[in-house]
Amino acid sequence: VTNSSFGLLVDPALSNVIYRVGAHYPKMASPAAAQTCGIPLWDSEEGAHGTNWSSAMGLARMYNRNYIVGRMTKTEIWSPITSYYDILAAPNSGLMKANTPWSGSYSISPQIWITAHTTQFAGPGWSYFEGGASALLPGGGSLVTLESTNHSDYSIVLETSDAANPQTIIFHLTNGLSTGVVHVWQTTQASQFVNVAQLSPSGRMFSLTFQPGCIYTLTTTAGQHKGSAMSPPPAPFPLPFKDDFENYAPGWTPKYFSDQAGTFETFTRADGLGHCLRQVLLQGGIRWAAEWKPYTVIGEANWADYDVSADVLIETNGGSAFVMGRIGSGAGFSDATPRGYWLALNNASARWDLHASSNLLASGAVSVALNSWHNLRLAMQGTSLGCYVDGTQVTNFVDATYSSGLAGLGCGWHGAEFDNFTLRRLHRGFYRAVSP
């Protein structure tokens, strides 16, 4: 049976060969056919949906209600860490952010502590309790109860994201659950992941008043803690920058490059003169969103006046290779064309081309032999775009379409090689303010 809201469901007789059924962004719900198919259900892709407190509370609500409403026992977050450039699609998808690896700097959003309220209190093999132990709360919010593999320890994760007033809840311990001390952890907008109380059940009962707009974990387990590491301060991308790819074994992805389509890997040059970077895919894959040519980006969005250069080699008749600059926005899900400049060599037409995104700005004849190295350089200073092929300036075009952005490399869907990639700033007005 195919169900549009929850992927592919199967005959229960096949449950011994189907491990799990998953759906992306199911909105805390699953159809009855999924819940009765005899196979565990997963929310197989979710996002943190921002870094503010409102989105953090939304994540707390979703973790609990994925099980209560949708009977999903696992939630996978894309991405755990935002470790890609801000100009790319779906910025701030992660529970934390670390996307300037040259600095080591990172930032932690409340989402990571919301997640810790579940992940630090339940391990592999733990299971959800049914019935009132996992339910929506009458005054707003929800709770789920997880039982340890020893069938004694337990953790209760309770969120009050949509509660308007405090709620006092009485807990009754049954089915052999521990009557030991209950440790209470709380996260509020002002104070996150704090061990706020220890409760001692009396007569297999205890109670607690829960404030609105918070998340709690009540647990008989111990050993949880909040990390105390401090992030290094932010730092700009190190310039000038050059990579000749000699410090990598073949098949690696070099540091700081971020592939947007195709696959760029280090490679042994055919002429025996060390290593290079090579785009290795000969055709596009099965696409779920729009896709442009193979390209990879590097740098910072506020770079304005700089030049980018690289040696390039085209392996295929009709192929092309290019350097890119001032990429201010990258691939979108419906429109994959990057917004920036690119200077290309084209083997089929024996020409160089200068583009502003999809617009051809200038072009000229040039000899482009297969499997031969050529140098491309794009120097951007104010509205002046200096274009160089093998050290000779072929144009100094004036255009004001793009004022700042990342650098990059790219080619068609074929083998192409790149070496001696270089980035240099051109004057003191190098940085330009950009929108966050």
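Predicted model: local features only at pLDDT ≥ 70, side-chain atom pairs only at ≥ 80, totals over all residues.
**Ground rules.** Local features need pLDDT of at least 70 and side-chain atom pairs count only at pLDDT 80 or more, while totals for chains, interfaces and linings use all residues. Residues are numbered from 1 along each chain as its sequence is written, and side-chain values use heavy atoms, with hydrogens and water left out.

**Entry: the three-stranded sheet.** I began with an open sheet of three strands, ordered β1-β2-β3 with parallel pairing. Its edge strands are β1 (21-24) and β3 (72-77), each pairing on one side only. From one strand to the next the twist averages 25 degrees. For the labels, helices (H or I, at least four residues) and strands (E, at least two) are DSSP runs, numbered from the N terminus. Pairing asks that DSSP find at least two bridges between two strands. I then looked up β2 (residues 41-46), which pairs with β3 in the parallel sense over four bridges. Leucine 41 has methionine 72 in β3 as its bridge partner. Helix α2 lies across β2 and β3 and runs at about 145 degrees to β3. Axes here are lines fitted to C-alpha atoms, for helices over the stretch in contact, with angles from 0 to 180 degrees between N-to-C directions.

**Entry: helix α3.** Is α3 enclosed or open? Seven of the ten residues of α3 (residues 110-119) are buried, so this helix is largely enclosed by the rest of the structure. I use buried for under 20% relative accessible area, exposed for over 50%, and partly exposed for in between (1.4 Å probe, protein chains only). The buried set is Pro110, Gln111, Trp113, Ile114, Thr115, Ala116 and His117. I traced what they pack against: α2 (53-68), β6 (105-108), β10 (154-159), β12 (182-187) and β15 (215-219). Contact means heavy atoms within 4.5 Å.

Entry: Strand β27 (residues 384-389) is mostly covered, with five of its six residues buried. Six bridges join it to β26 (residues 374-381), and the two run antiparallel. Leucine 378 stands opposite cysteine 387 in β27. The β26-β27 hairpin has two residues between its strands, and glycine 382 in the turn has a positive phi of about 60 degrees. β27 also pairs with β28 (residues 392-398), antiparallel, over six bridges. Tyrosine 388 has glutamine 393 in β28 as its bridge partner. That hairpin has two residues between its strands as well, and aspartate 390 in the turn shows a positive phi of about 50 degrees.

**Entry: Asn346.** I found asparagine 346 in strand β23 (residues 339-346). Why does asparagine 346 count as buried? Its relative accessible area is 16%. Its side chain makes a polar contact of 2.5 Å with that of aspartate 353. (A polar contact is a pair of N or O atoms within 3.5 Å; within protein, one must be able to donate a hydrogen and the other to accept it, and residues adjacent in sequence count only if both atoms are side-chain atoms.) Not counting residues up to four places away in sequence, asparagine 346 touches Gly319, Ser320, Arg351, Asp353 and Val368.

**Entry: the cores.** A nonpolar core is a set of buried Ala, Val, Leu, Ile, Met, Phe, Trp, Tyr and Cys residues joined through side-chain atoms within 4.5 Å. The largest has 57 residues, of which Ile298, Phe421 and Leu423 touch the most other members. A second, separate core of 19 residues includes Ile156, Leu158, Phe206 and Phe210.

**Entry: salt bridges.** I count 13, taking a side-chain nitrogen of Lys or Arg within 4 Å of a carboxyl oxygen of Asp or Glu. Aspartate 419 meets arginine 269 at 2.7 Å, N to O. Aspartate 419 is in strand β30 (residues 416-425) and arginine 269 in the loop between β18 (264-268) and β19 (275-279), 150 residues apart. Both of these residues are buried.

Next I checked arginine 424 with aspartate 307, whose closest N and O atoms are 2.5 Å apart. Arginine 424 lies in β30 and aspartate 307 in β21, so the pair ties together parts 117 residues apart in sequence. Arginine 424 is partly exposed at 36%, whereas aspartate 307 is buried at 1%. Last, I noted a salt-bridge network linking Arg65, Glu159 and Asp162.
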